[in-house]
Amino acid sequence: MRGNGLGIDFDQLITREHTESVKFDARKSVFGTDQVIPLWVADMDFAAPQAVTRALEERARHPVYGYSLFPESLYQSMIDWFASRHGWHIERDWILLAPGVVPSLHAAAMAFAAEGEGIIIQPPVYPPFFSSVQKTGRRVIENPLQWVDGEYRMDLEHLAACAQQGARMLVLCSPHNPVGRVWRREELEGLLEITRQHDLLVVSDDIHCDLVFDGHRQQMLASMATREDRIITALAPSKTFNIPGMGLSALVIADAGQRQAIKRVFDSLHMQQANPFSIVAFEAAYRHGGPWLDALLPYLQSNMQFVRQYLQQHVPQIRCAQAQGTYLLWLDCRALGMTDGQLKAFFIQKAGVGLNPGISFGAAGSGYMRINIGTRRALLQQALEQIRDAVQAHVATALGRESR
Ligand SMILES: Cc1ncc(COP(=O)(O)O)c(C=O)c1O
């Protein structure tokens, strides 16, 4: 997209093959073939903001890449970003830096629930929400999202019932991957009422918080909290500015005791070292990435509309809910009448497109696929055309079988 005033061209082809990119270079091991258009793992095919590249180049020019500190200016860049973009005031002392958000989910499970105790998650949801609980020996309690009036909602009644099954913690995904919901204030207020009643600690994974489309507004749960609420927020510039490979995120924890509890887990694994490159990328992104993000969001939103319209017109068998945020779309493929195994094979072998099977987001994802739209429109179009041709062939074969 030229014409965004910044000379940023999201339509530009940037070849990612042979850059050790998981999305491109792991295709053979994940899909059994590299002949698929990769629209799966959650990074985007766009160049990061120029300010990030410049900061990395400058750092690289200093030829010693030794053990590094987190500078105060890095904390301040994040504080300023959340104050100006989200109206949320974060105190310096509340911030605990962490390698990635997923390690923080593991650490929170270990810090706030004992082995065998319950942690509530709301599927369909990002697979590490399951695995962070299971791999740490805690117990998953599922509060599945409900489809109500054309959108996914949290089932707050069922959540109260879940809380009574010995749950210690709830992991919220806000905005929600994979269904693209941006939770409204009143929904989060309802959630807080229940977590207060049942003394549940909430880990709010707000990694997608900046990727919100027109007409919707991200509410940071922690900014709505009272002193009695126990809320930990996981944040990162990684999705916002397309720098997830940098591996640096942050936890915001207002309560000193809770902060210590997480810190003890990290310390026990010696997970403290800052990477000289992730430090400069993090700070440059939050300090200077705003205009890049402002150009990105309309591009993503028009990609989302493009996919929805294309499917409505050409592949009505696949329904796509309107996403309110994220660059992930949730495709309802149940009308194709396939098992999850067949659906996965169909997209790889017949359509030549590499997506995430919905079933990997929990049983509630059966019959669905997740597509990543953080790419060039032309590539999305090619993928959609391949999907259209494969579905048409599938429908023709099924009809032929019926008329025989
Ligand atoms: C909700 C959510 N949390 C966390 C992550 C990954 O976080 P990290 O790479 O910092 O571990 C993702 C990536 O897709 C995500 O969607």
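**Entry 1: aromatic rings**

I count rings of Phe, Tyr and Trp as a pair if their centres lie within 6.5 Å. I note at the outset that the model is predicted. With that cut-off I looked up how the ring pairs connect, and I found that they link Phe10, Phe46, Trp81, Phe82, Trp88, Phe241, Phe282, Tyr286, Trp292 and Tyr299 into a cluster. I then examined Phe10 and Trp292, whose rings are edge-to-face, with 6.0 Å from centre to centre and 70° between the planes. This pair links distant parts of the chain, since its members are 282 residues apart. I placed Phe10 in the segment before helix H1 (22–25) and Trp292 in helix H11 (residues 290–314).

Are these two residues buried or exposed? I recorded a relative accessibility of 2% for Phe10, so Phe10 counts as buried. Trp292 is also buried, because its relative accessible area is 5%.

I next turned to Phe346 and Phe347, which form an edge-to-face pair with centres 5.5 Å apart and planes at 90°. Phe346 has a relative accessible area of 6% and is therefore buried.

**Entry 2: arginines and rings**

I looked for arginines placed over ring faces. Arg92 lies over the face of Tyr75, at 3.5 Å from the ring centre. Arg377 lies over the face of Tyr299, and here I noted 4.7 Å from the ring centre. I had already listed Tyr299 in the ring cluster of the previous entry.

**Entry 3: Arg59**

I located Arg59 in helix H3 (residues 50–61). Which side chain of opposite charge is nearest to Arg59? I found Glu58, at 9.0 Å. A salt bridge requires a side-chain nitrogen of Lys or Arg within 4 Å of a carboxyl oxygen. Arg59 has no salt bridge, yet Arg59 is buried. I also listed what Arg59 touches, leaving out residues up to four places away in sequence: Val64, Tyr65, Pro276, Phe277 and Val280.

**Entry 4: an open sheet**

I traced an open sheet of four strands, in the order E11-E12-E15-E14, with antiparallel pairing. Which strands stand at the edges? I identified strand E11 (319–320) and strand E14 (356–357); each has a single partner strand, so one side of each is left without a neighbour in the sheet.

I followed strand E15 (residues 368–372) to its partners. Two bridges join E14 to E15, and the two strands run antiparallel. Within E15, I found Arg370 as the bridge partner of Asn356. On strand E12 (residues 328–332), I counted five bridges to E15, again antiparallel. Asp332 stands opposite Tyr368 in E15.

Why do I describe E15 as largely enclosed by the rest of the structure? I do so because five of the five residues of E15 are buried. I checked both faces of E15 and found them covered. Tyr368, Arg370 and Asn372 are buried on one side, and Met369 and Ile371 are buried on the other.

Conventions: Residues numbered from 1 in each chain as written. Predicted model: local features only at pLDDT ≥ 70, side-chain atom pairs only at ≥ 80, totals over all residues. Heavy atoms only, no water. Phe/Tyr/Trp six-rings, centres within 6.5 Å; stacked < 30°, edge-to-face > 60°. Buried < 20%, exposed > 50% of the residue type's maximum accessible area, 1.4 Å probe, protein only. Lys NZ or Arg CZ within 6 Å of the ring centre and 35° of its normal. Lys, Arg positive; Asp, Glu negative; His and termini not counted. Contact = heavy atoms within 4.5 Å. Pairing = 2+ DSSP bridges.
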